[in-house]
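Welcome! Here is a short briefing for anyone meeting this structure for the first time.

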Amino acid sequence: MSQQQPMKPEEEAIRYGDVFDIQGELAEKLVAPKDAAMMQIAENALLGESKKDCAAAAMESAAMKNERAGFVGPDDVNVHSAVTIEETHLDGKRIITESIDDKVIGQYSQEIPLSYSASVPRGGSRSLITIGEALEAAALTAGKKAVDWSDAAAIQAAEVRATGRTNIIPGGVAAAAQSAATRNANTFRQEDWIKLSDILSNATEKLPSDKTVTKDIAEEVRVAEMRCDPRLTARPVGVAASLATAARLNNKTTN
């Protein structure tokens, strides 16, 4: 990307200002693993994949070096606001703009294939992210986390909104999450705990119906997660955070 900076020596902590041509508060923050994971979600939602010349790849490389050097942990997140990626079309080109905390960290363009431009309206478009897709994204960003009751509550709230059913669906993601939370609460060895990735990796297939993530849906899931958390807080990375990211991206697309 045009705004990426040369990497610092590996023994030094890598900050956003070392990776991207930016200044201000964000430039001083360390690049953390979950930051990169959230950007990867955004890129996958818009582009269908993470490309080597996009922000997620640069962030992942920096985060891995910071983690190896002991500057950050595998579950650290230093970006607590919006991670966004937007697409616009101009003069036959597809312009991709990536931002963190409303600060542009990179922008690049590519030619629009004829088949693509014929089916996509001017101004940019992509499929809106569904609840199932957002749950699967949580498996990427927080997949190593052991399922607990707050996760189960958030997943159940998401399933209810996706299907319109108030009862737990046998064999569905909510049932699996509740079973996992019960088992983990009664299992001593951590290596035997069921992780979020075990439950959510194929969430879309387990939902008999699905819906686009909206701000209201994301808020309901956040409240459910927070209500069952011992500290009554929603986590910066997890089920609720994934739906919140999806809601922001969907809102950017429709407005």
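Helix α6 (residues 149–163) and helix α7 (residues 173–185) pack with their axes 8 Å apart, at an angle of about 170°. That angle makes α6 roughly antiparallel to α7, a label given to angles over 145 degrees. This is a predicted model, in which local features need pLDDT of at least 70 and side-chain atom pairs count only at pLDDT 80 or more, while totals for chains, interfaces and linings use all residues. Residues are numbered from 1 along each chain as its sequence is written, and side-chain values use heavy atoms, leaving out hydrogens and water.

- On the α6 side, the contact (heavy atoms within 4.5 Å) is made by Trp149, Ala152, Ile155, Gln156 and Glu159.
- Helix α7 brings Val173, Ala174, Ala177, Gln178, Ala181, Thr182 and Ala185 to the contact.
- The residues of this contact divide into eight nonpolar, three polar and one charged; Ala, Val, Leu, Ile, Met, Phe, Trp, Tyr, Cys and Pro count as nonpolar, Asp, Glu, Lys and Arg as charged, and the others, Gly among them, as polar.
- Axes are lines fitted to C-alpha atoms, for helices over the stretch in contact, and angles run from 0 to 180 degrees between N-to-C directions.

**The sheet**
- Three strands form an open, antiparallel sheet in the order β1-β2-β3; strands pair if DSSP finds at least two bridges between them.
- The edge strands, each pairing on one side only, are β1 (83–90) and β3 (103–111).
- From one strand to the next, the twist averages 20°.
- Helix α2 (residues 33–47) packs on the sheet and touches β1, β2 and β3, its direction making about 30° with that of β1.
- Strand β2 (residues 93–100) pairs with β3 over eight bridges in the antiparallel sense, and Thr97 stands opposite Gln107 in β3.

**The whole protein**
- There are eleven helices and three strands, taken as DSSP runs (H or I, at least four residues, for helices; E, at least two, for strands) and numbered from the N terminus.
- Of the 255 residues, 46% count as buried, meaning under 20% relative accessible area with a 1.4 Å probe, protein chains only.
- Among contacts between residues at least 6 apart in sequence, 66% join residues at least 24 apart.

**A closer look at Glu219**
- Glu219 is found in helix α10 (residues 215–227).
- Its relative accessible area is 37%, so Glu219 is partly exposed, the class between buried and exposed (over 50%).
- Glu219 and Ala244 are 25 residues apart in sequence and 7.5 Å apart in space, C-alpha to C-alpha.

Conventions: Angles under 35 degrees count as roughly parallel, over 145 as roughly antiparallel, 65 to 115 as roughly perpendicular and the rest as oblique.
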